[in-house]
Amino acid sequence: MRRRAGPIDFWILLPVVLLLGIGIIMVFSASALTSSYNYGDAFYFLKRQLAWAAIGLSGLFFTMQFDYTHLRRLATPFLGLAIILLVLVLIIGTASRGSTRWLGVGSLSFQPSETIKLAMVIFLAASLAQNRQHLHYLVQGIGPYLALMALVCLLILAQPDLGTAVAVAGTTYLMLTVAGADKRYLALLAVLGVAAVALAIVIAPYRMARFTAFLDPWADPRMYGWQTIQSLLAIGSGGLFGTGLGEGRQKLYYLPENHTDFIFAIISEELGFIGAALVVILFLILVWRGFHTAFKAPDAFGSLLAAGLTIMLALQALINMGVVTGMLPVTGITLPLVSYGGSSLIFSLLGIGILLNISRYAQH
């Protein structure tokens, strides 16, 4: 039977547009004074974020119209390209603040780790939909997916980028769960995953220091506890209604990465609990409608793809907010659609465009 496309799910698009708008406003608010001092242009980061948003929205409208079923045959080549980019970034990538995460030059740089997140979701959805009957077996079932996950996570950890590695591993695990993998192997995988994260923390002194600071930030307030303390000060000083847009103080060289990884703290400070709660509610609506699309998708591939895209966004937002509120150790991961950053914004919008396309074929 020929499928007929219907309207997109408005309740997916609405929170995306609102989060994008909030992000653009808050990126400017968080960066205006410091970018004026550092670059001589208060609009330095705003102009770039607007340009990336325009590119990302163009990608969203393209993938929204592109029939998602065609992604099946593109899944393997796209994943192969993404893995090659991960290898290349370790060889010829641009180093910044102790990490090598960028390919390209200047404003034309991008993060291959953002590419691999989308590529992994598409590949896993296509492969799991085809091989669901084998997921009750270890070697010929979930084994290949675990090997792929390990390879990708090791390449990401080599940059190093523990936050993204955890997001990729978590998405893979949850997609295996949704696809119906054997619960015994999933339980074993969960134990091994926790052990792997613990090992990654222990073998890297700076990660161990961050973990110790997470347990007690005030034990090292001028070094590894600094970001957490300044973030909590921002959140606490916001109160119910906030200090007012543009009136926050923690962005004035107190809170590092205030327009990227810690932008949620600036939102909490300037817009208060009300503004922070609005952001959380918008993400909850997006996740709810994403899973609704997954449940109503007309085929297994569409269902797994919608679930994977939703899980990836939800995990990244959860990790970011957990770090900002002091509930997780500090790790460099952005708040989707809100934080400053071209690669994250563009690939998030591309993924949401695919989710919107699936919603056009969902059974209402």
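This is a predicted model: local features need pLDDT of at least 70, side-chain atom pairs count only at pLDDT 80 or more; totals for chains, interfaces and linings use all residues.
Leaving aside neighbours within four places in sequence, L305 is in contact with Y68, L71, V121, I122, A125, I354 and I358.

**α4 against α5**

- Helix α4 covers residues 112–130 and helix α5 covers residues 138–157; the two pack at an angle of about 175°, with axes 12 Å apart.
- Angles over 145 degrees count as roughly antiparallel, so that's the label for α4 and α5.
- On the α4 side, the contact is made by I116, M120, F123, L124, S127 and L128.
- Facing them from α5 are Y145, L148, M149, V152 and I156.
- Sorted by class, the residues of this contact come out as ten nonpolar, one polar and no charged.

**α4 against α12**

- α4 also packs with helix α12 (residues 342–361): here the axes come within 9 Å and cross at roughly 20°.
- With angles under 35 degrees counting as roughly parallel, α4 is therefore roughly parallel to α12.
- As for handedness, the α4 and α12 crossing is right-handed.
- What does α4 bring to its meeting with α12? It's E114, T115, L118 and I122, and they meet S343, S344, F347, L350, G351 and I354.
- The class make-up of the α4 contact with α12 is five nonpolar, four polar and one charged.

**S268, a serine in α10**

- S268 sits in helix α10, which runs over residues 263–296.
- Is S268 buried or exposed? Its relative accessible area is 4%, and buried means under 20%, so S268 is buried.
- Setting aside neighbours within four places in sequence, S268 is in contact with A234, I235, G238, F273 and A276.
- For a sense of distance, the C-alpha atoms of S268 and Q363 are separated by 38 Å, and the two residues are 95 apart along the chain.

- As background, most residues other than glycine have a negative phi, and most peptide bonds are trans.
- Where the chain goes from Q159 to P160, the peptide bond is cis, with omega near -5°.
- P160 itself is in the loop between α5 and α6 (162–179).
- Y253 isn't a glycine, yet its phi is positive, at about 70°.
- You'll find Y253 in the loop between α9 (226–238) and α10.
- Y253 counts as exposed because its relative accessibility is 53% and the cut-off for exposed is over 50%.
- E257 is another residue other than glycine with a positive phi, near 55°.
- E257 also has its place in the loop between α9 and α10.
- At a relative accessible area of 25%, E257 is partly exposed.

Definitions and conventions:
Residues are numbered from 1 along each chain as its sequence is written. Side-chain values use heavy atoms; hydrogens and water are left out. Axes are lines fitted to C-alpha atoms, for helices over the stretch in contact, and angles run from 0 to 180 degrees between N-to-C directions. Helices (H or I, at least four residues) and strands (E, at least two) are DSSP runs, numbered from the N terminus. Angles under 35 degrees count as roughly parallel, over 145 as roughly antiparallel, 65 to 115 as roughly perpendicular and the rest as oblique. Contact means heavy atoms within 4.5 Å. Ala, Val, Leu, Ile, Met, Phe, Trp, Tyr, Cys and Pro count as nonpolar, Asp, Glu, Lys and Arg as charged, and the others, Gly among them, as polar. A crossing is left-handed if the near helix is turned anticlockwise from the far one by less than a right angle, and right-handed if clockwise. Buried means under 20% relative accessible area, exposed over 50%, partly exposed in between (1.4 Å probe, protein chains only).
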